[in-house]
Amino acid sequence: MEKDLRQIRPYGDHWNDGRIQVSFTLPLKASDQAREAARIYMEKLGLRSPLVAWMEPMGEGFSFFVGYGVAEPMIDATKISVPRPEFPILSRDALVDLVKKRFGRPLVLVGGTTGSDAHTVGIDAILSMKGIHGDKGLEYYPCFKVVNLRAQVSNEVLVQKVSHLKADAILVSKLVTQQDQHLEDLKDLVRMLKAEPHLPAYLLKIAGGPRIDHRIARSVGFDAGFGPGTKPSEVANYIVHELIKRREGNADGKDRMEGDASEATHKKRRPLLGWLGGGGEDS
Ligand code: B12
């Protein structure tokens, strides 16, 4: 059968039957009334033939439900575009050579997990030598000088470090998303970076975490966002290619940090630090 991807909905056991499973809690003690409330709620969600397949008490006065139903809406899968940063992927050696040729110094990267968030595994996977799934972290690239501040770093400290070290890129990890705290923290950081007078205009702001993607990162003023499954080599390539674009002034306007263009040009001419051989540094 030729599948028409312009009109699709969930697949249960035959094409476009719309069957879906939902799970949720209600602030009701498990009972026949609670089960009926769950069924009515699924109906209000627009599900046809709602069925409560599972009910379980969940703490005092709460119940957990698993339900099935038929969803009506269709989507056109041929019209979907996922914003993502575009960049070529070069080998580590090629990337190191490129940085040497284009910058003549290692690029300075400062990263950490911010606010009250104590999760370090994600940022370590990207920054530390060991990397993740056999893909070595950014410390493995001699073209980077990596400063990993680890977890629970305040935005103030992060900004100070970025300014003091004249960083080329800032890398922030966020895992805890309760009450959208991750977005608030990221927005605050962007505000503070904009207010800081001593930062290079081309500073790259990169966010990552399981609930972060490129669209979300852009919506809070970051340049790029990387979600689950990100490999350090992708981040390495993004950083180098994007910084080259910025130095050459052909990044699209939206990718630039706001600020005076002449100041940006001036800042771009900051003295080269010399080729240090790269590697990591703890703080
Ligand atoms: C390990 C873990 C912990 C450990 C952390 C140890 C450590 N040193 O990091 C401990 C036990 C300390 C912990 C504590 C807590 N945790 Co916890 N934790 C987890 C767990 C199980 C795994 C996270 C992890 O390490 N993933 C592995 C890494 C490799 O994946 P990753 O972070 O997604 O990173 C990848 C990408 O996202 C991306 N990436 C990530 N960061 C960055 C940054 C940049 C710049 C880039 C480019 C890419 C990038 O690249 C990485 C590699 O591919 C998750 C559940 C889960 N399965 O995800 C819960 C989870 C994150 N924890 C959670 C919670 C609630 C907590 C606590 C609040 C629990 C509590 N009540 O005390 C505390 C928080 C304390 C605090 N102040 O932050 C929730 C968060 C819910 C939410 N969305 O807000 C989760 C989702 C569990 C859950 N389902 O409820 N936790």
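This report describes the fold, the nonpolar core, the ligand shell and selected residues of a predicted model.

**Overall fold**

The protein chain contains eight helices and nine strands. Of its 283 residues, 30% count as buried. Among contacts in the chain with a separation of 6 or more, 68% are between residues 24 or more positions apart.

**Nonpolar core**

The largest nonpolar core is made up of 45 residues. Leu109, Leu138, Ala169, Ile170 and Ile206 have the most contacts inside this core. Helix H7, residues 232-248, gives the largest share of the core, namely six residues. In soluble globular proteins, nonpolar side chains tend to be buried together.

Residues up to four places away in sequence aside, Leu109 touches Leu138, Phe144, Val146, Val147, Ala167, Asp168, Ala169 and Leu171. One of these partners, Asp168, is charged by residue class.

**Ligand shell**

Around the ligand there are 29 residues, and those that come nearest are Ala118, Val121, Gly122, Ser173 and Gly208. By class, the shell divides into 15 nonpolar residues, 13 polar residues and one charged residue. At least two shell residues come from each of helix H3 (121-127), strand S6 (169-173) and strand S7 (204-208). The largest share is that of H3, with five residues.

| Helix | Residues in helix | Span | Expected span at 1.5 Å a residue |
|---|---|---|---|
| H7 | 17 residues | 24 Å | 24 Å |
| H5 | 15 residues | 21 Å | 21 Å |

The buried residues of H7 are Pro232, Ser233, Val235, Ala236, Asn237, Tyr238, Ile239, Val240, Glu242, Leu243 and Arg246. Their cover includes helix H2 (92-103), strand S4 (107-113), H3, S6, S7 and strand S8 (224-226). Just after H7, Gly249 takes a positive phi of about 75°.

H5 spans residues 181-195. Its buried residues are His182, Asp185, Leu186, Leu189 and Leu193. Viewed down the axis of H5, these buried residues fall within an arc of 100°, so they line one face of the helix. The face turned away from that buried side carries the exposed residues Glu184, Arg191 and Ala195. Helix H4 (155-164), S6 and S7 are among the elements that cover the buried residues of H5.

Val99 lies in helix H2. There are 24 other C-beta atoms within 10 Å of Val99, and Val99 is buried because the threshold is 20 or more. Its contacts, neighbours within four places in sequence left aside, are Leu107, Cys143 and Val240. Of these, Cys143 is 44 residues from Val99 in sequence, while the C-alpha atoms of the two are 6.3 Å apart. Val240 is also one of the buried residues of H7.

Arg6 is placed in the segment before strand S1 (19-26). With 11 other C-beta atoms within 10 Å, Arg6 is exposed, because the limit for that class is 12 or fewer. Arg6 is in contact with Asp76 and Thr78, when neighbours within four places in sequence are left aside. The C-alpha atoms of Arg6 and Ala77 are separated by 5.6 Å, although the two are 71 residues apart along the chain.

Most residues other than glycine have a negative phi. His133 counts as exposed, with 8 C-beta neighbours inside 10 Å.

For Asp180, phi is near 60°, again a positive value in a residue other than glycine. Asp180 lies in the loop between S6 and H5. Asp180 is exposed, with 11 other C-beta atoms within 10 Å.

How values were computed:
Residues are numbered from 1 along each chain as its sequence is written. This is a predicted model: local features need pLDDT of at least 70, side-chain atom pairs count only at pLDDT 80 or more; totals for chains, interfaces and linings use all residues. A nonpolar core is a set of buried Ala, Val, Leu, Ile, Met, Phe, Trp, Tyr and Cys residues joined through C-beta atoms within 7 Å. Helices (H or I, at least four residues) and strands (E, at least two) are DSSP runs, numbered from the N terminus. Two residues are in contact if their C-beta atoms, placed from the backbone, lie within 7 Å. A residue is near a molecule or strand if its C-beta atom, placed from the backbone, lies within 6 Å of it. The expected span of a helix is 1.5 Å times one less than its number of residues. The arc is that of the directions from the helix axis to the C-beta atoms.
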